[in-house]
Amino acid sequence: MRFLHTADWHIGKKLNDFDLLEDQQAVFEQLVETAEQHKVDAIVIAGDLYDRALPSEAAVSVLDNMLIKLNRDHGYPLLVISGNHDSAVRLRTGRAWYAATKMFVNTQVAEAFTPIELDGVQFFLLPYFEPFAVRDYFQDKTITNVAQAIRPIVSKMKTLFKPNMRHVLVSHFFAAGSDHSASETKVNVGGLDAVPLDDLAAFDYVALGHLHNHHALHGEPKIQYSGALLKYAVSEAHQEKGVYIVDTETMDREFVPLKPKHDLIELKASYADLTAPAYYQQQDRDAYTGIDLTDTQVIPNVMAQLRQIYPRIISLRRENGVNAIKPLQERQRDLDPMSLLQTFFKDMTQDDLSAAQIKWAKAGLTTAKKEQA
């Protein structure tokens with residue numbers, strides 16, 4: 001059989017108040033086309049379908065329609081687990097009758113020990129878990145971290161292996177030796193919450209979610225992150241996003257890139273370059289944009305100015321910092337309030353107060369003095 005491996009949809013996520021639902025819907029349509037073109041027999045979604053435990057009504061509606069399209073309209077069996085961003089309670093609503101259409105949703109550790117059998121493959125759907133949940137399930141007080149928790153889980157799964165069948169683990173965790181990016185929740189502390197790769201050796205394929213870069217693990221023949229469907233942070237600007245097609249007969253996997261409606265890019269340049277037509281006309285100004293500004297001087301209304309050219313700015317960083325304003329002790333400490341205000345305004349904007357601004361400031365200072373008196 002062939003199945004499509006995807007994860008980390010993060011439906012409902014925003015980038016600095018930019019709503020991504022339209023972008024997520026657009027890339028989802030490409031996922032459907034990919035499934036059809038490769039004639040897959042099932043679709044694996046390895047967690048983080050939502051971006052938050054309490055998704056908006058719009059996010060719930062979008063995801064519902066996506067799952068309906070895949071499962072009911074196209075007839076794909078869905079093998080789904082909850083991730084650390086999902087609410088397990090909310091995601092499992094309706095689980096009791098999902099199986100009637102071959103939509104399998106696991107959100108609890110105990111459910112992982114009932115494998116789903118499709119076309120000669122046993123799928124073990126292990127949702128994101130905390131160590132205490134595994135400790136309670138096995139009644140083992142010695143389990144205090146994810147690395148310890150995975151061993152009894154895999155050991156029990158192996159007792160359920162059927163000979164002459166492929167064995168696929170679907171899960172959502174940080175695998176030892178993999179790399180983070182800025183949009184992922186950091187759950188690894190001192191290696192204690194990383195799953196050792198050796199503990200996963202019994203499976204023919206491990207379909208992972210959680211890390212957004214499909215290259216997060218290097219050179220692993222059987223363990224694979226699908227990566228996210230979209231770029232969700234500036235640190236992901238140079239990553240390629242997509243899905244994997246896995247052939248269980250040969251256990252070969254193929255990465256299929258997906259093209260976003262709006263890309264996410266990073267620009268590193270001076271303010272003069274960024275605002276020069278010769279430069280910005282060469283850029284994708286419709287993309288979500290992280291800007292790394294090389295200038296060190298104060299630039300008045302810099303974000304507002306840049307947004308006129310790059311309307312989807314999501315971050316502005318100073319590569320070399322900003323020149324500090326002269327310390328107060330280097331100025332005349334006996335300046336009157338109006339002179340001090342004029343000096344401060346000049347330091348901040350490199351411009352003098354206009355006549356109207358001076359009139360307004362004097363009126364304000366007069367009022368303040370009266371109230372103080």
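Predicted model: local features only at pLDDT ≥ 70, side-chain atom pairs only at ≥ 80, totals over all residues.
Six strands make up an open sheet of mixed pairing, and their order across it is S6-S5-S4-S1-S14-S15. Strand S6 (103-106) and S15 are the edge strands, each of them pairing on one side only. Between neighbouring strands of this sheet the average turn is 20°, with direction ignored.

In general, the strands of a sheet are paired by backbone hydrogen bonds, and the pairing may be parallel or antiparallel.

## Strand S14 and its two partners

Strand S14 covers residues 242-247, and because 5 of its 6 residues are buried, the strand is largely enclosed by the rest of the structure. On one side of the pairing, strand S1 (residues 2-6) is antiparallel to S14 and is joined to it by 4 bridges; within this pair, Leu 4 has Ile 245 of S14 as its bridge partner.

The pairing of S14 with strand S15 (residues 252-257) is likewise antiparallel and extends over 6 bridges. Among the residue pairs that can be named here, Tyr 244 has Phe 255 of S15 as its bridge partner, while Asp 247 stands opposite Asp 252 in S15. The two strands S14 and S15 form a hairpin in which 4 residues lie between them, and in that turn Met 251 has a positive phi of about 60°.

## Helix H1

Helix H1 (residues 21-37) lies across S1, strand S4 (42-46), S14 and S15, and its direction runs at about 160° to that of S1.

The buried residues of H1 are Leu 21, Asp 23, Gln 24, Val 27, Phe 28, Leu 31, Val 32, Thr 34 and Ala 35. As background to this list, an α-helix has 3.6 residues a turn, so residues three or four places apart point the same way. Just after H1, Lys 39 adopts a positive phi of about 50°.

## Helix H2

Helix H2 (residues 57-73) also packs on the sheet, where it touches S4, strand S5 (78-81) and S6, and its direction makes about 145° with that of S5.

Notes:
Residues numbered from 1 in each chain as written. Heavy atoms only, no water. Buried < 20%, exposed > 50% of the residue type's maximum accessible area, 1.4 Å probe, protein only. Pairing = 2+ DSSP bridges. Axes fitted to C-alpha atoms, helices over the stretch in contact; angles between N-to-C directions. Contact = heavy atoms within 4.5 Å.
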